[in-house]
Amino acid sequence: MKVRGLGLGLAAVRDLREFRDPVSAEELEQFETDVLAGFVLARASAGLADGTIRGDVGHLDQMRAWLGRPLWDMEPADADGYFGKVLRESPSGTRLARAQALTTYFLFLELRHKVEIHRMTGQVVECPIDEMNRPRGSKDAALRIPPTDPEVKTLFTGWGGELVTCRKFAPTARNYTASKLMSQVGLRVREACKLDLVDIKWELGRFGKLHVRHGKGARGSGPRERMVPLINGADRTLRWFIEDVWGQFDDDHTRSGAPLFPSERKNSDGSSRRVGDDALRNGLAAAAKAHLPAWADTLTPHVAG
């Protein structure tokens, strides 16, 4: 039991490991499923390849099956037994990859669900991999957790207000739109740069879709195409940009190869060039510094997704 001093008196503080608010097995199972889905989404938002995410989830599934209960219940002694006995003869790469997947998952739990897990189970989330049992050669996991929804809203609200007073409206509005689109539908910055106007398929689906022709491939397989629904208000974002901003860069919407996000620089025929990823990255960095200073040095297009 912990105690806390306040003035001249002492007040008892409830032990964090005390069990409270029990839930049913069905509710706990659903919560565990939702947490894993959130973990997958966070990894995807960070821009990791699908194969990497599948690999991490596979490692977690195998450890979960061995433990027989949610992974947040795993203690250092459990990890000692698993890595010291079950995986004792496994290749070092397997042991390292599995330990890193577990460490990354616990980092996610601590950042996103620590309070909720304690409220539901009484368990205090703490990674069972420590300096004593960490497999040799392992590296610290680098999970890039995106800003919270309120933080993203704060960023784009402030950035949107800046459009009224900024010195160069068109490029600022372009950077704002591209970053917001990446946030809304999970595009990578280089994918956004390579989009053309004709890649917007308004007729497809309820909101329209983007034809991403230069999507990142896995393990060097080359670009992969995909269709991305214009959800989360992305359709409204793009309509505003095309109707009110795009014409300030170029006056020919029908030109073959017309980029969705033009540069201020021109081609020899007077048409606009395609914006570079540095311009979009720098625009987001400047907006974060002005409107979300806590993320000024860490917010990137991948993390903002």
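I take contact to mean heavy atoms within 4.5 Å. The model I am reading is predicted.

**Entry: helix H3**

I started with helix H3, residues 76–86. Which of its residues are buried? I noted Asp 78, Ala 79, Gly 81, Tyr 82 and Phe 83. Next I looked up what covers them. The cover includes helix H2 (50–67) and helix H4 (92–112).

**Entry: aromatic pairs**

I searched the whole structure for aromatic pairs and got 11. I looked at Tyr 105 and Phe 106 in detail. Their ring centres are 6.5 Å apart and their planes stand at 85°, so I logged the pair as edge-to-face. Are Tyr 105 and Phe 106 buried or exposed? Both are buried. Tyr 105 and Phe 106 also belong to one aromatic cluster with Phe 39 and Phe 108.

I then turned to Trp 159 and Tyr 176. Here the centres are 5.7 Å apart and the planes are at 85°, so this pair is edge-to-face. Trp 159 sits in helix H6 (residues 149–162) and Tyr 176 in helix H7 (residues 169–185), so the pair ties together parts 17 residues apart in sequence. Trp 159 has 2% relative accessibility, so I count Trp 159 as buried. Tyr 176 has 10%, so Tyr 176 counts as buried.

**Entry: a charge over a ring**

Where does Arg 239 lie relative to Trp 202? I found Arg 239 over the face of the Trp 202 ring, at 3.9 Å from the ring centre.

**Entry: Gln 184**

I went back to H7 for Gln 184, which is found in that helix. Why does Gln 184 count as buried? Its relative accessibility is 12%, and the cut-off for buried is under 20%. I listed its contacts, leaving aside neighbours within four places in sequence. Gln 184 touches Ile 231, Asn 232, Gly 233, Ala 234 and Thr 237.

**Entry: H7 against H10**

Last, I looked at how H7 packs with helix H10, residues 277–291. The angle is about 90° and the axes are 9 Å apart. That angle makes H7 roughly perpendicular to H10. Which residues meet there? From H7 I have Arg 174, Asn 175, Ala 178 and Ser 179. From H10 I have Ala 279, Leu 280, Gly 283 and Leu 284. I sorted the residues of this contact by type: 4 are nonpolar, 3 polar and 1 charged.

Definitions and conventions
Residues numbered from 1 in each chain as written. Predicted model: local features only at pLDDT ≥ 70, side-chain atom pairs only at ≥ 80, totals over all residues. Heavy atoms only, no water. Phe/Tyr/Trp six-rings, centres within 6.5 Å; stacked < 30°, edge-to-face > 60°. Buried < 20%, exposed > 50% of the residue type's maximum accessible area, 1.4 Å probe, protein only. Helix = DSSP H or I, 4+ residues; strand = E, 2+ residues; numbered from the N terminus. Lys NZ or Arg CZ within 6 Å of the ring centre and 35° of its normal. Axes fitted to C-alpha atoms, helices over the stretch in contact; angles between N-to-C directions. Parallel < 35°, antiparallel > 145°, perpendicular 65-115°, else oblique. Nonpolar A, V, L, I, M, F, W, Y, C, P; charged D, E, K, R; others polar.
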